[in-house]
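Student: I have a new model open on my screen and would like to understand how it is put together. Could you walk me through it?

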Amino acid sequence: MRIGVLTGGGDCPGLNAVIRAVVRKGVGTYGHEFVGFKDGWKGPLEGLTKPLGVQEVRGILPRGGTILGSSRTNPFKIEGGVEQIKKNLAEMGVDALIAIGGEDTLGVATKLHELGVQVVGVPKTIDNDLGATDYTFGFDTAVNIAMEAIDRLHTTAESHHRTVVVEVMGRHAGWIALHSGLAGGANVILIPERPFDLEKVVDHVENRFRTNYSPIIVVSEGAVPAEGDMITLGGELDAFGHVRLGGIGTWLAEQIEKRTGKEARAVVLGHTQRGGTPTAFDRVLATRFGLHAIDAAHEGDWGKMVGLAGTDIVRVPLIEATRELKTVPVEKYSEAEVLFG
Ligand code: F6P
C-alpha cells in the first residue's frame with residue numbers, strides 16, 4: 001500500500017515520534033510505502049509532498065515540531081477542495097492517509113472518510129482536550145515546561161514581594177493550567193470551564209501576602225471573569241482566520257495591582273509550551289500511537305482513531321474524537337481548590 005502521512009493544526013512535541021513509528025513499522029514489518037504530505041491538509045490539496053522513508057525519519061524522535069510542516073488549512077472551507085484532494089490522491093497513487101492532528105484536522109479526516117477516503121487518525125494537542133483518549137502527547141511536555149517556569153517565578157516573586165500571574169495555553173479547557181498549577185504549587189488556578197470571581201482571587205492574593213509569601217496565579221488563556229462583560233479580550237479572527245486570544249494574564253495582573261496596591265507582573269508562556277523536545281512520557285505515547293495507527297491502516301480498519309484508555313492503546317471511531325471536547329470536570333477542579341490561597 002502507498003500511504004500518505006500528514007500533520008495538521010498547531011504543532012506539538014511528539015509529532016515526529018509518531019511519524020517515525022508509523023514509517024519504521026510500516027516499512028519494516030508490513031512493506032508499505034509512504035509519502036509525506038507537507039503542511040497539513042494543504043499538502044494533499046495542493047499536491048505538496050516530500051519523501052518519507054526510513055532514512056528520512058532517522059534521528060527525529062527527540063525533535064520538537066514536525067518534519068512535515070503544519071497548517072490549519074481546511075479543504076471543506078475551500079471551493080472544490082475535497083474533489084481536488086481525491087483527484088490528487090488518485091493521481092499520486094496514494095491508497096490511504098494517516099492524519100495526525102487535533103479537533104479540526106480529525107474533523108476533516110472524519111468527513112473525508114464518510115466520502116470514501118481511507119483514513120486513520122492520530123490525536124494530537126498540547127491542550128489534552130480531545131475526547132476518546134485519556135491523554136494526548138504534547139500535553140505532558142507543555143505541563144513540564146509550565147511547571148518549570150512556575151518554579152522559577154516563585155523565587156523572583158518572593159524576592160520582590162510581587163504577585164506573578166502565569167498565563168498558559170488552553171483556549172477551551174484548563175488541563176495545562178490545572179496540572180502545571182498543581183505541580184508548581186500555584187496559589188490560584190483559573191480555567192475556562194469555571195468563570196472566576198475577581199474579588200475571591202484578590203482575597204487569595206491578600207491572604208498569601210499576609211503569610212509573607214508571594215502569590216503565583218496560573219490562568220488559562222481562555223479563562224474569563226464571571227462578570228465577563230466587563231472586559232473584551234481578543235477572540236477576534238486575525239488575517240489568517242485564526243482566533244487570537246490573549247490578554248487575560250495581563251488584565252488580571254493589572255486588576256490585582258490596582259486592588260491590592262502591591263506590584264504584580266504577568267508572564268505569558270505562549271508558544272514556548274509547544275516548542276522543543278518531548279518528554280519521555282510523550283515520546284512513548286506518540287510512538288505507541290504511531291505503531292497502532294499503522295496496524296489499523298494495514299488491517300484496513302478505516303475511519304478509526306487510536307486513543308489511550310488507561311494504559312492501553314485502543315481504536316475508536318474518528319467521529320468520537322471530535323464529538324465532545326474533554327473539559328476539566330468539576331470534581332478535579334475542586335480537588336485543587338482546597339489548596340488555593
Ligand atoms: O490548540 C493548541 C493551541 O496551542 C492552543 O492552546 C492555543 O490557543 C493555540 O493552539 C494557538 O494557536 P496558534 O499557534 O495558531 O497561535
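Tutor: Let's start with a term: two residues are in contact if their C-beta atoms, placed from the backbone, lie within 7 Å. This is a predicted model, in which local features need pLDDT of at least 70 and side-chain atom pairs count only at pLDDT 80 or more, while totals for chains, interfaces and linings use all residues. Residues are numbered from 1 along each chain as its sequence is written.

Student: Which strands are at the edges of the open sheet of 7 strands?
Tutor: Helices (H or I, at least four residues) and strands (E, at least two) are DSSP runs, numbered from the N terminus, and two strands pair if DSSP finds at least two bridges between them. The order is β3-β2-β1-β4-β5-β12-β13, with mixed pairing. An edge strand pairs on one side only, and that describes β3 (49-51) and β13 (312-317).

Student: Which residue in β2 stands opposite V5?
Tutor: Strand β1 (residues 2-7) and strand β2 (residues 33-37) run parallel and are joined by 4 bridges. Opposite V5 you will find G36.

Student: What angle does the direction of helix α1 make with that of β1?
Tutor: Axes here are lines fitted to C-alpha atoms, for helices over the stretch in contact, and angles run from 0 to 180 degrees between N-to-C directions. Helix α1 (residues 15-28) packs on the sheet and touches β1, β2, β4 (96-101) and β5 (119-123). Its direction and that of β1 make about 175 degrees.

Student: Why does the distance between the end C-alpha atoms of helix α9 agree with its number of residues?
Tutor: The expected span is 1.5 Å times one less than the number of residues. Helix α9 (residues 280-299) has 20 residues, so it should span 28 Å. The end C-alpha atoms agree with this, being apart by 29 Å.

Student: Which residue takes a positive phi just after α9?
Tutor: Look just past the end of the helix, where the phi is about 75 degrees. The residue there is G300.
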